[in-house]
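Thanks for coming. Please have a look at the sequence and the structure on the screen, and then I will go through a few places in the chain.

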Amino acid sequence: DKGRIIFSGIQPTGIPHLGNYLGALSNWVQLQKEANVNDKLIFSIVGWHALTLPQNPNELSQSRWEMLATLLAIGIDPKRSVMFHQDDNQCHTELAWILNCITPVGKLRRMTTWKARLADSRNANSTSEIDESMLNAGLLIYPVLQAADILAYRATHVPVGEDQTQHLELSRDIAQSFNRTFVPGKKRFFPLPTQLSTPSKRVLSLRDPTSKMSKSSPDVQSRIILTDSASQISSKIRSAVTDSIKGISYDPVQRPGVSNLLTILAACLQKEPEEVASAYASKSTGELKSDVADAVEALFNGPRAEFERLRSEKAYLVQVAKDGAERAKELSEETMMSVRSMIGL
Ligand code: ADP
Ligand code: NA
């Protein structure tokens, strides 16, 4: 049994929030726990992806180390998993360039993420014309960099949210196209990576439960971040938008705020929201909020303390990053030696 090669990445853009944790990071820890001894786990902090949006260089540099500290704090074990900064391994950009040259622009223009950026830009400039001139090329081609991130390790499994389905399809298309074009006998040099969908539901904004909890919202009350204290968690949950309907029920359409709190509590307790809802049917919103705050505090308490300890251990973080980059380079260099030779470089 050759085992799976599991790859995933996260951008170094600020302290992760509850949505990042429940929707992505906790799943990495779970995968690490459940992985077979033959499985390889590779987790990357993808700095090059962060550049597709304007970043403050000082903040980016700090976020890069904070994200590494976060991964360690939540339980990613550098002895078990390869954990590294994408920008420490040039194989990603080299392979991305090669893959760019076999990817039709039309395919990239059909990505819903690109279309959404285009629509945002049109609204911001109040023009109905299709105008790409304001958008940087990185926003169009970063799905190819994503394919390179995955294919550099010939990963077989990629744990990401549903919003990444189209990008993963593109990765498979690109892998197939490379195999067809360059691999002698059209053999499957690049495996077609399978999506491992994150089981947990989307966590919504505490202030506007019709949109997702996001680091980009200017309202800091709308999200709980890993460094929030118990009292900050409790005050944010207490001021979460709910409704005036009596009792508690899980109804994401009619009661998005209450349902979001149930989603959070259920994820913390590893239960289903409906199951949690029935236990709270005759309780008040206040009681629910108080239990949600306690559950989130119980979840974040350990990782927060570990994060605070690690963020000042710069020498240790540098060492972990260095070791991780070495192992990542070793794995991807093996792929790249074959790739270079197959394409004639
Ligand atoms: P943000 O949307 O806050 O900028 P990212 O886009 O960097 O966060 O997402 C990092 C990871 O966290 C992705 O895997 C994404 O699917 C997941 N994620 C982000 N926001 C949420 C949310 N509100 N609920 C669940 N998962 C989320
Ligand atoms: Na985002």
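Predicted model: local features only at pLDDT ≥ 70, side-chain atom pairs only at ≥ 80, totals over all residues.

Where is K186? K186 belongs to the loop between α8 and β5, and β5 covers 194-197. With 11 C-beta neighbours inside 10 Å, K186 counts as exposed.

Now step back into α8, the helix of residues 165-182, where we find S177. S177 has 16 C-beta neighbours inside 10 Å, so it counts as partly exposed; that class lies between the 12 or fewer of exposed and the 20 or more of buried. S177 and T103 are 74 residues apart along the chain, yet their C-alpha atoms are separated by 8.5 Å.

That pair leads to the chain overall. Take the contacts between residues at least 6 apart in sequence: 75% of them join residues at least 24 apart. The chain has 13 helices and 5 strands. The C-alpha trace spans about 70 × 50 × 40 Å along its principal axes. Of the 345 residues, 41% are buried.

Next, helix α13, residues 314-343. How far does α13 reach from its first C-alpha to its last? The figure is 41 Å for 30 residues, close to the 44 Å expected at 1.5 Å a residue. The helix is bent, by about 25° at E333. After α13 comes G344, with a positive phi near 95°.

Which residues of α13 are buried? They are V320, G324, A328, L331, S332 and V339. Look at how the numbers are spaced as you read that list. An α-helix has 3.6 residues a turn, so residues three or four places apart point the same way. As for partners, the buried residues of α13 pack against β2 (40-45), α3 (57-74), β3 (81-85) and α4 (91-100).

M337 is also in α13, but M337 counts as exposed, because it has 10 C-beta neighbours inside 10 Å. Between the C-alpha atoms of M337 and K322 there are 22 Å, with the two residues 15 apart along the chain.

Last, the ligand. How many residues surround ligand 1? There are 18, and the closest are G19, G23, A24, G161 and K212. Helix α1, residues 18-34, supplies the largest share of this shell, with 5 residues. Sorted by class, the shell holds 6 nonpolar, 8 polar and 4 charged residues.

Notes
Residues numbered from 1 in each chain as written. Chains lettered and ligands numbered in written order. Helix = DSSP H or I, 4+ residues; strand = E, 2+ residues; numbered from the N terminus. Contact = placed C-beta atoms within 7 Å. Near = placed C-beta within 6 Å. Nonpolar A, V, L, I, M, F, W, Y, C, P; charged D, E, K, R; others polar. Expected span 1.5 Å × (residues − 1). Bend = angle between axes of the 7 residues up to and from the residue.
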